[in-house]
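Subject: Structure handover

Hi,

Here is the structure you will be working with. Please open it first, then read my notes below.

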Amino acid sequence: MDIIYLLLEAQKGQLNYEDQSDNIDSELSAVDESDIIKKWKKKIDIKDDDIMGVGLGFFLAGCDTATNVMSYITHELAANPDVQNKLFKEVSSAPRRSDGKVTYETLLKMKYLDMVVSEPEREHEKSLHIEKGTQCLIPVFSIHRDPQYYPNPETFDPERFNNATKRNIKAYSYMPFSVEPRSCMGTRFALLEIKLAIAEIIKMFEIVISDKMQFPLNIKKIGFSHYPASGMWLGLKPKEVAS
Ligand code: HEM
C-alpha cells in the first residue's frame, strides 16, 4: 500500500512532498486534497506502532464504507432504469484496453459515472470557532436529505451533479467524506474503486430489483454505517453480447 510506503519513507526522514496539482488524479472528482496535508512538510517522529495503526485504520475505515456505497448505488440503478441505461451507454462506449479492461484514464473521463457517484466542489466559507474538547456530531444524513438544499431529496437524480447544477450546491451542504482538515484520507481511492466496480458491473449486467427487495428501503440508523434492515436484494441479468 502506497501510504505505508510513504510512512516508512517519512519515518526514515526521506519523504519529500511534491506538488501534484497538475496530476491526472485531480480529475477524479471535484474533491480536492486537504490544503493542510499539502502544506505538511515538517519531519515528525513516526513509530512502528503509528504505521501499524494507520494500516489498521485504513482497513477498518475503507472496507465497510465503500462496500455500502456500492450497494446503495446498485440499488438506485436497479430502481432507476433510465439512469442505468444512460450510464451503460457511457460505460460501453468508452475506449478500453485490448484485453477489455477499463483504464484509469478512461474512468476519470466518465462524466456521468462521476455524477452518479458524485460530490461537488467546496467553496471557501467563514470558519466557526469551536472550543477545544467540544464533542461535535454533524447530521450529514439529514443535511443531504434537507429539501432546502436538495429539492425532492428522496429522488435519485445524478443531474444534481452535472457541471451546471453542482455549482449551485451550497458549501458544506454536501460532505460524504467530511470536510478538511480531518476529511477522509481514502476519498480518491474510494471513488476510484466504486467507479471501477460500477463501470464493470454495468457493462456486463443489467441490475434488476429482486422480489425480496423492500421498497422503500427501511434503513437501520444505528452504528457507524447505515444498513437496509432486510438486506439488499438485487439481481444481475447478463447483457446480450453483440456478436
Ligand atoms: C465511500 C467510502 C468512504 C466514505 C463515505 C468515507 C467517509 C469518511 C468520513 C466521513 C470520514 C471522517 C470521519 C470523522 O469525521 O471522524 C473518514 C475518515 C477516514 N477515512 Fe474514509 N470513507 C470512505 C472510504 C475510505 C477508504 C477506502 C479509506 C482507506 C483506504 C478511508 C480511510 C479513512 C481514514 C484513514 C480516515 C481518518 C482520517 C483522519 O482522521 O484524519 N476511507 N472517511
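N152 sits in the loop between α7 and α8. Helices here are DSSP runs of H or I with at least four residues, strands are runs of E with at least two, and both are numbered from the N terminus. N152 has a positive phi of about 45°, although it is not a glycine. Most residues other than glycine have a negative phi. N152 is exposed, because 9 other C-beta atoms lie within 10 Å. The cut-offs are these: a residue is buried with 20 or more other C-beta atoms within 10 Å of its own, exposed with 12 or fewer, and partly exposed in between, with C-beta atoms placed from the backbone.

S178 lies in the loop between α7 and α8 too. Its phi is near 65°, a positive value in a residue other than glycine. S178 counts as exposed, because it has 12 other C-beta atoms within 10 Å.

A word on the model itself. This is a predicted model, in which local features need pLDDT of at least 70, side-chain atom pairs count only at pLDDT 80 or more, and totals for chains, interfaces and linings use all residues. Residues are numbered from 1 along each chain as its sequence is written. pLDDT is the predictor's confidence in each residue, from 0 to 100. The protein averages a pLDDT of 81, and 82% of the residues score at least 70. Over residues 30-34 the pLDDT is below 50. Beyond near neighbours in sequence, that stretch has eleven contacts in the model. Two residues are in contact if their C-beta atoms, placed from the backbone, lie within 7 Å. Where pLDDT is low, the predicted coordinates should not be read in detail. The model scores ipTM 0.96 and pTM 0.73.

Now the overall fold. The protein has eight helices and four strands. From the N terminus on, the order is α-α-α-α-α-α-α-α-β-β-β-β. Buried residues make up 12% of the 243 residues. Take the contacts between residues at least 6 apart in sequence: 75% of them join residues at least 24 apart.

Next, the ligand. Which residues are closest to the ligand? They are A61, G62, T65, C184 and G186, out of 16 residues that surround it. A residue is near a molecule if its C-beta atom, placed from the backbone, lies within 6 Å of it. α3 (48-79) and α8 (187-204) each supply at least two residues of this shell. The largest share, seven residues, comes from α3. By class, the shell has ten nonpolar, five polar and one charged residues. Here Ala, Val, Leu, Ile, Met, Phe, Trp, Tyr, Cys and Pro count as nonpolar, Asp, Glu, Lys and Arg as charged, and the others, Gly among them, as polar.

C184 deserves a look. An unreviewed UniProt entry places the feature "binding site" at C184. UniProt positions follow the numbering used here, feature names are shortened, and annotations may be inferred rather than shown by experiment. C184 is in the loop between α7 (140-144) and α8. Is C184 buried, exposed or partly exposed, and why? C184 is partly exposed, because 19 other C-beta atoms lie within 10 Å. Leaving aside neighbours within four places in sequence, C184 is in contact with F177 and S178.

Then the core. A nonpolar core is a set of buried Ala, Val, Leu, Ile, Met, Phe, Trp, Tyr and Cys residues joined through C-beta atoms within 7 Å. The largest one has 18 residues, and L87, V91 and L113 touch the most other members. α3, α4 (81-93), α6 (111-116) and α8 each give two or more residues to this core. α8 gives the most, with five. Beyond four places in sequence, L113 is in contact with L87, E90, V91, K195, I198 and A199.

M110 is found in the loop between α5 (104-109) and α6. M110 is buried, because 20 other C-beta atoms lie within 10 Å. Beyond four places in sequence, M110 is in contact with E90, V91, A94 and A199.

Last, M52. This residue is in helix α3. M52 counts as exposed, because it has 12 C-beta neighbours inside 10 Å. M52 and I4 are 48 residues apart along the chain, and their C-alpha atoms are separated by 8.6 Å.

Best wishes
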